[in-house]
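Trainee: Hi! I'm new to this one, could you walk me through a few spots?
Mentor: Happy to, let's open it up.

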Amino acid sequence: MNIVIVGTGYVGLVTGTCFAEMGTNVTCIDIDQHKIEKLNAGEMPIFEPGLEELVRKNVQEGRLHFSTDLAAHLHNASIVFSAVGTPPDEDGSADLKYVLDVAREVGQHIDDYVLLVTKSTVPVGTAQKVRAAVQTELDRRGLTIEFDVASNPEFLKEGAAIKDFMAPDRVVVGVESDRARQLMERLYKPFLLNGYPIYFMDIASAEMTKYAANAMLATRISFMNEIANLCERIGADVEMVRKGIGSDRRIGNSFLYAGCGYGGSCFPKDVKALAHTGREKGYPMRIIEAVEAVNEAQKGIVFDKLSALFDGQLEGKTIAVWGLAFKPETDDMREAPALVVINKLLNAGATVRAFDPIAMQEAQRRIGDRITYTHNLYEAATGADAVVLMTEWKQFRLPNWKQIRAVMKGKIIVDGRNIYDPQELHEEGFISTRIGSRPRCSKQESE
């Protein structure tokens, strides 16, 4: 089977590479000539563990190809996946420009049946617009060519995308014809043979499933952050609360970790888009809108805690920021809480020294040279009045606290991801605080 993936961003590149690994002949298309040249040279436009090796392997074995010419590859493609971006507009709605551009180009160039599958996250009803765009172009050409549209939303976690694709919790496919279903069943046959669940449904339900899933996960995060902030005010331990409620099988323990807010390419965009759809349909999504509001406020909580420890006097202070990406195992800084904290620190007159294992280049692209980029967490902490943890990379989990204390000017640690033991920091002479707890003074001050 020959398939085409339009878009070589995070979703498109991972999807195309993994389908190639399963034995399908895949051509990935992108209008960015420079990106395609880099991919053909084996250079990755994104960081994702295991992706570079898998791309090179499938290119060498002749199953994975890259091109800028969609029209040239439509004549022998059974399925075309649209995996282009859907950035949010100012009102929170998803911008469908690129999705509809792909649909129009398909309509302009197909000469036989094709199944056009939307992989991008799109609002309910997008498939109808895609179908209309293809049909309009066919009508202009005066041709009657059968085609189908379908929805196959992705559920990939950045940092674990290869595993998620190869061993999915589920595959959701929205179709409206038997022919489309049969094609998708054939494509996903290796997954069916391995026992992974595939749910076929109508297209609108498939489109809604993606938004509902991300909104639920985002809701759990914001809910737990609300609980953490209340715990701090009443003297409860949010970690104990998390364990207590997470042990309930009806709740489970996933996405119940308090922190400094969610970011990335999916949750913020999808929550905004779902809220916009509700308003558009005359049904405000009050819970979803609250989820977004709580998260936006939560992104500044690390700064608020730090400011309180310095009595609001951050001008002239040097702050070490550990972690820049919105989560570990990625260089993605879209909607990253670190961006909010850094901006607030700079506006307050502080100097920022930062380290991230992967996202430094992306940070420099976004922030420029307004902060100092260091080679490791110890260099970042050198001369710092305080250290704030923003991303829970593995190499941040067990630092040598004696070495950190020796190179720091101050002794304040703000744990924005709740991964450090407050008692250990206390014994090492630090003043520490985390999400959902009050500051803990150093051992020397408590004696």
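Trainee: Is Thr 318 buried or exposed?
Mentor: Thr 318 is buried, with a relative accessible area of 16%. Buried means under 20% relative accessible area, exposed over 50%, and partly exposed in between, using a 1.4 Å probe and protein chains only. Keep in mind that this is a predicted model, where local features need pLDDT of at least 70, side-chain atom pairs count only at pLDDT 80 or more, and totals for chains, interfaces and linings use all residues. Residues are numbered from 1 along each chain as its sequence is written, and side-chain values use heavy atoms, with hydrogens and water left out.

Trainee: Where is Thr 318 found?
Mentor: In strand β9, residues 318–322. Strands (E, at least two residues) and helices (H or I, at least four) are DSSP runs numbered from the N terminus.

Trainee: And what is Thr 318 in contact with?
Mentor: Leaving aside neighbours within four places in sequence, Thr 318 touches Thr 351, Arg 353, Gly 383, Ala 384, Asp 385 and Ala 386. Contact means heavy atoms within 4.5 Å.

Trainee: New topic: how many residues of α11 are buried?
Mentor: 11 of its 14, so α11 is largely enclosed by the rest of the structure. Among the buried ones are Phe 267, Val 271 and Leu 274.

Trainee: What covers them?
Mentor: The cover includes α9 (203–234) and α12 (286–298).

Trainee: What follows α11?
Mentor: Gly 282, whose phi is positive, near 75 degrees.

Trainee: Last one: which residues of α13 and α14 meet?
Mentor: Val 302, Phe 303 and Leu 306 of α13 meet Val 341, Lys 344 and Leu 345 of α14.
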